[in-house]
Amino acid sequence: MALTHNFLLFCSLFPFFVIPSLSKTSFRPKALVLPVSKDASSLQYVTLMNQRTPLVPVKLTLDLGGQFQWVDCEEGYVSSSYKPVRCTSAQCSLARSKSCVNECYSSPRPGCNNNTCSVLPDNTVTSTATSGDVGQDAVSIQSTDGSNPGRVASVNKLIFACSETRFLEGLANGVKGMAGFGRTKISLPSQFSAAFSLDRKFAICLTSSASNAKGVVFFGDGPYVLLPGIDASKLLIYTPLILNPVSTASAYFEGEPSSDYFIGVKSIKINGKAVPLNTSLLSIDRIQGTGGTKISTVNPYTVMETTIYKAVIATFVKELALVPRVASVAPFGPCFNSTNIGSTRVGPPVPQIDLVLQSSKVSWTIFGANSMVQVKSDVMCLGFVDGGLNPRTSIVIGGYQLENNLLQFDLATSRLGFSSSLLFRQTTCANFNFTSNNV
């Protein structure tokens, strides 16, 4: 009895020695899997997760660099398992909360509780932020052996943030929030890894809206098997992930590192020819956090600082000089008469674009399927966008350039694995077999 009393006294005096539990299911899955599809209207990548008690399917826009999951708690949020995260708690510390809510004057409900820590969810589509309570609730997700979905795994106390309904502006129809996959302790990959002792890795494989098919997100290590039996985890080339020491999110996180995923692009080649660039723009300013190259699922197309953009399109147009130009179609620059462009396994046979990484032997190659956008029946445009002068990030690799490429983010070793186009391997990101094997 004395030992029990002393232990309880110790825990009451030193609560931060107690590791917060996410209360998972009893079995340990090897990996987890989520479907992801492209919304044709908004060009956002949307996933579906079963959440709350009783469970309901919740549509969320996938935000690769998002700090955490946030959802609309103002309209239609009903759950018997919702719990507010109290101020000064260990969960509050994990969420990097810097404020405490004590001004809720209505009856307690999800999104309105006193003595609750608060964060600033970012709607990265509209570049806005708002204050939101931090809460916990149940989430169910399917396990996988890498080839098929299996048994359902549950987390009873997943940490997320609440927002108001108006904050959904700009998101795809029916979406109730954003699923943050960024470099934080309460992003979805971090919480799932902690709950099930998974390898601290996740992979995304996005499809195009034209395919009207599901892409896939894996939490944990491979295999990542796509029909007809191709383990895409074996196709990966690796490059370091670079930590931007300055947050690119709201000013609330001033002094915090960015939750975005940056890679070290050193130069750009088109048809093997170097594009003349101010290479200082490709490095991250360690004081301001500006410059560099990040990967985004929120930007529909790759965005480049003006001088980089102009140099890239000038070189690309020169290399495609035999194809007639036509009037530009917003938001793109150079457009071409596609009746003069053929087709290959990896898309239109246009000049390949190489993002040269840590050495001349390591490049992320962008083929026609990821560089050319069919905007009319007879018009194709180069799918890059002018980001203006002095943007916060010099190059943002957008969703269209990620489609049918498998990307694995290894958080433990801080490296990115990328496959380049899976079309070369005669498979696509729509080829994960979502038929459950219930194992």
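A disulfide here is a pair of cysteine sulfur atoms within 2.5 Å. Keep in mind that this is a predicted model, in which local features need pLDDT of at least 70 and side-chain atom pairs count only at pLDDT 80 or more, while totals for chains, interfaces and linings use all residues. Residues are numbered from 1 along each chain as its sequence is written, and side-chain values use heavy atoms, with hydrogens and water left out.

Let's start with the cysteines. Searching the whole structure turns up 5 disulfides, and with bonded cysteines counted along the chain their pattern reads 1-6, 2-3, 4-5, 7-10, 8-9. One of them joins Cys104 and Cys112, with sulfur atoms 1.7 Å apart. The torsion about that S-S bond is about 105°, so the Cys104 and Cys112 disulfide is right-handed.

Cys87 lies in the loop between E5 and helix H2 (90–94) and Cys100 in strand E6 (residues 99–101), so the pair ties together parts 13 residues apart in sequence. Those labels come from DSSP runs numbered from the N terminus, with helices (H or I) of at least four residues and strands (E) of at least two. Cys87 is buried at 11%, whereas Cys100 is partly exposed at 36%.

Now follow Cys73, which bonds to Cys162 with 2.0 Å between the sulfur atoms. This link is left-handed, at -70° about the S-S bond. Cys73 sits in the loop between E4 and E5 and Cys162 in strand E11, so the bond ties together parts 89 residues apart in sequence. Both ends are tucked away: Cys73 is buried at 4% and Cys162 at 2%.

That brings us to strand E11 itself (residues 149–163), where 11 of the 15 residues are buried. In general, strands of a sheet pair through backbone hydrogen bonds, either parallel or antiparallel; two strands count as paired if DSSP finds at least two bridges between them. Strand E4 (residues 70–72) runs parallel to E11, joined by 3 bridges, and Trp70 stands opposite Ala161. Strand E10 (residues 132–144) is antiparallel to E11, with 9 bridges; Gln136 has Ile159 as its bridge partner. E10 and E11 form a hairpin with 4 residues between them, and Gly146 in the turn has a positive phi of about 100°.

Rings of Phe, Tyr and Trp (its six-membered ring) pair if their centres lie within 6.5 Å, with planes under 30 degrees apart counted as stacked, over 60 as edge-to-face and the rest as tilted. There are 18 aromatic pairs by this rule. Tyr82 is buried at 8%, as is Phe160 at 4%.

Definitions and conventions
Buried means under 20% relative accessible area, exposed over 50%, partly exposed in between (1.4 Å probe, protein chains only).
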